[in-house]
Amino acid sequence: MKFFVDTADVAEIKELAATGLLDGVTTNPTLVAKAGRDFKDIIKEICAVVPGPVSAEVAATDYAGMMREAEVLRKIAKNVTIKVPLTMDGLKACKALTSDGTMVNVTLCFSANQALLAAKAGATFVSPFIGRLDDIGLNGMDVIREIRTIYDNYPDLSTDILAASIRTVNHVREAAMIGADVATIPPAILKALVKHPLTDAGLTAFVNDWKKTGQTIV
């Protein structure tokens with residue numbers, strides 16, 4: 001599974017990129033608003049740090065507007081992935097952009113039927129929102145599972161399943177077990193993946209025992 005980080009905070013992205021764990025980045029209007037900086041400047045900085053796909057979302061909701069904005073965004077860097085909503089206009093823009101060699105992330109996916117449409121439109125990624133489905137009493141993982149089954153039934157569909165709206169470390173584990181191609185993860189959740197109480201206890205014991213030897217390595 002590939003790991004994308006879901007943030008527009010360039011400092012956090014640089015910190016995580018240094019670990020070698022990042023394969024890409026996703027942003028959205030809400031994350032950009034939190035960052036409080038110029039959108040295009042943020043995307044340019046992120047693309048310079050992370051060589052993998054960097055999702056930049058259009059603000060327009062109509063086809064013509066999406067295409068105008070996409071033309072600006074994709075000129076920022078070669079690894080920009082245009083993010084469009086899962087609407088008819090978004091799917092039309094997806095088809096036009098991917099046909100022209102641009103990576104596209106179709107976002108706001110909440111059903112397997114929608115994911116099938118995104119794949120038919122040539123999406124590079126489709127982003128089913130796990131947490132938001134859980135919020136309304138459904139099981140977001142069921143949608144990931146259904147999409148995986150459908151895509152596996154038709155090998156000519158090349159769209160990657162990008163598990164989004166991840167809220168817990170268990171979401172990451174379950175998405176990986178089902179076979180999602182990518183998980184886009186908030187920085188705090190990504191950092192939490194490394195945590196386990198037995199790891200902490202074991203490290204403390206090793207450190208204390210090493211001190212008892214009175215030795216140094218350098």
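## Surroundings of K83

Leaving aside residues up to four places away in sequence, K83 touches T26, T27, N28, S55, A56, E57, V58, N105 and T107. The model that shows these contacts is predicted. K83 is part of strand β4, which spans residues 80-85.

The relative accessible area of K83 is 5%. Because the limit for a buried residue is under 20%, K83 is classed as buried. In UniProt, an unreviewed entry assigns the feature "active site" to K83; such annotations may be inferred rather than shown by experiment.

## The barrel

Eight strands form a closed barrel in the order β1-β2-β3-β4-β5-β6-β7-β8, and their pairing is parallel. From one strand to the next, the twist averages 30°.

Strand β1 and strand β2 (residues 24-26) run parallel and are joined by 3 bridges. Within this pairing, V5 has V25 of β2 as its bridge partner. Helix α6, residues 112-120, packs on the sheet and touches both β5 (104-109) and β6 (125-128). The direction of helix α6 makes about 165° with that of β5.

With a relative accessibility of 6%, T7 counts as buried. The side chain of T7 reaches the backbone nitrogen of D9 at a distance of 3.0 Å.

When residues up to four places away in sequence are not counted, T7 touches E12, I13, V25, T26, T27, L31, I46 and P187. Among these contacts of T7 is V25, the residue of β2 that is the bridge partner of V5. T26 and T27 are also among the residues touched by T7, and K83 likewise has T26 and T27 among its contacts.

## The segment after α11

I217 belongs to the segment that follows α11 (197-213). Its relative accessible area is 77%, and since exposed residues are those over 50%, I217 is classed as exposed. This contrasts with K83, which is buried, and with T7, which also counts as buried.

I217 and R167 are 50 residues apart along the chain. The C-alpha atoms of I217 and R167 are separated by 41 Å.

Note on methods. Residues are numbered from 1 along each chain as its sequence is written. This is a predicted model: local features need pLDDT of at least 70, side-chain atom pairs count only at pLDDT 80 or more; totals for chains, interfaces and linings use all residues. Side-chain values use heavy atoms; hydrogens and water are left out. Buried means under 20% relative accessible area, exposed over 50%, partly exposed in between (1.4 Å probe, protein chains only). A polar contact is a pair of N or O atoms within 3.5 Å; within protein, one must be able to donate a hydrogen and the other to accept it, and residues adjacent in sequence count only if both atoms are side-chain atoms. Contact means heavy atoms within 4.5 Å. Two strands pair if DSSP finds at least two bridges between them. Helices (H or I, at least four residues) and strands (E, at least two) are DSSP runs, numbered from the N terminus. Axes are lines fitted to C-alpha atoms, for helices over the stretch in contact, and angles run from 0 to 180 degrees between N-to-C directions.
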